[in-house]
Amino acid sequence: MTSLHSIFFEKHLSDTDVEISRLINLEEQRRKAQIELIAPKNYLSVSSREALNSFMSFTSVEGYPGKRYHAGVANIDAIERLAIARAKEMFEAAHANVQPHSGTQANQAAYFALLQPGDVVLSMDLASGGHLSHGLKVNLSGRWFTTISYKTNDSGYIDYAQMGELAEKYHPKLIIVGGSSYPRAINFEEAANIAARVGAYTLADIAHFSGLIVGKQYPSPFPYIDIITTTTNKNLRGPRGGLILTRDEDLGKRIDAAVFPGIQGGPLPEMITAKAVCFGEALTQEFCLYADRVLSNARTMASAFLEAGLDVVTGGTDTPLVVIDLRKTRLTGAQAQAVLEAHGITTNRNIVPNDPQKPNVTSGLRLGTSAISARGVGPEDARSIAQIVARLLHLANDSDVLAETPDRKAIAQVRELSAAFPVYPAKTRADDVHESRRTTGLA
């Protein structure tokens, strides 16, 4: 007779939840067959997948290594210490907190450590490339604090003169640089000089280019900036999560208290474990080559779009991001996104500076090269992808039905390119570990 115990430990997902199993399989097929240009998305290494599938996913902890509230935590303590040490080495930091569940929560913890409700925060305007967690009114950060926004100039670059004028006028407690769609290198020293004049803290949100910093392809915010926040899943090629860094040990203690017990309870041990793995990978020479490829691909695509007659915000990029301004076409960002998805290319609509469209429609399209670079795509094939995108956008500009009646040539080209750069092409040890856990009653 089958016991409840054996059902719990031995039944496969395909047996217990057919619909969820089916949808997971469909997503796997989609990711393998399509070209992923959504900037926050990437692929985990086989090693990181093994970490996520490990016994660490069953672990529950609170607090920090050596100061936990549960027994049986020696191994996760050792892993978290490794993650911290590797994060500090990556960014030459004095302190790292690896527990935030996301980049937004990393930002929230920094605010909790530095600010009081009602304090003034100076950050980049969302339409200029900022992020909603930097004080957008509908976000918790916008409810907590008084947000003043600096913008980009007519060329799409940060207007540091305006940043300075606003700082002198409003005396913010915190100045934030970085965001979600600003494609150019940030002058961290200039931002720090402005902050020093008004006695403000500085925070750099480097989520979209942190891997380039580690790979020596983008300037580091240190030693100019007080606190760095980032996600770990974009071009760091890790699991979805957050990270906070500082060179000031006293600030580090405040950050730790802000994360726990300030805004979070227990962290996610399996995510910390996978972060530790990806941080170790990021400290290799291979990762520097990857970072170089990410930037080369982005710049190649930006050039190809310009050659095809499309407008690119700032005329190029210093990051994995390329933002196309569609205002000279009759397409909205939403329409362009739909057309490309119908042909197996995933992107996202995005606000551009002085955008006349609503935020859920937009006049722009944001593309990122982190995921295609992880698959092995180089500049030559990145140019081919950009040319396919440009051709489809031009066709869509002349047709109202391209999303409903896809172009067969483009679909064939996308499939051919996807097949040339397979995702997890063979059965991996991560698959073996998962299968072993299922067959031995440990899944």
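Residues are numbered from 1 along each chain as its sequence is written, and side-chain values use heavy atoms, with hydrogens and water left out. Because the model is predicted, local features need pLDDT of at least 70 and side-chain atom pairs count only at pLDDT 80 or more, while totals for chains, interfaces and linings use all residues.

Let's start with the whole chain. The protein chain has 18 helices and 15 strands; these are DSSP runs numbered from the N terminus, with helices (H or I) of at least four residues and strands (E) of at least two. Its radius of gyration is 23 Å, close to the 22 Å that the globule rule gives for 443 residues, so the chain is as compact as a globular protein of that length. That radius is taken over C-alpha atoms, and the rule is 2.2 Å times the number of residues to the power 0.38. Along its principal axes, the C-alpha trace spans about 70 × 60 × 40 Å. Buried residues make up 54% of the 443 residues.

UniProt, in an unreviewed entry, places the feature "domain: Serine hydroxymethyltransferase-like" at residues 13–389; such annotations may be inferred rather than shown by experiment. This span is 44% helix and 15% strand, and its end C-alpha atoms lie 38 Å apart.

The unreviewed UniProt entry also places the feature "binding site" at Leu126, Gly130, His131, Leu132 and Glu249. These residues span 124 residues in sequence and their farthest two C-alpha atoms are 31.4 Å apart, so they do not all gather at one spot. From this set, Leu126, Gly130, His131 and Leu132 belong to the lining of the second largest pocket. A pocket here is an open set of points, on a 1 Å grid over the protein atoms alone, with protein on both sides within 12 Å along at least five of seven lines; lining residues have an atom within 4 Å of a point.

Glycine 130 is found in the loop between strand S5 (120–124) and helix H7 (140–144), and leucine 132 lies in the loop between S5 and H7 too. Their surroundings can be set side by side. Buried means under 20% relative accessible area, exposed over 50%, and partly exposed in between (1.4 Å probe, protein chains only). Contact means heavy atoms within 4.5 Å.

| Residue | Relative accessible area | Contacts beyond four places in sequence |
|---|---|---|
| Glycine 130 | 0% (buried) | Met124, Asp125, Gly178, Gly179, Ser180 |
| Leucine 132 | 38% (partly exposed) | Leu126, Asn139, Ser141 |

Conventions
1 Å grid on protein atoms, 1.4 Å probe; cavity = no way out; pocket = protein on both sides within 12 Å on 5 of 7 lines; lining within 4 Å.
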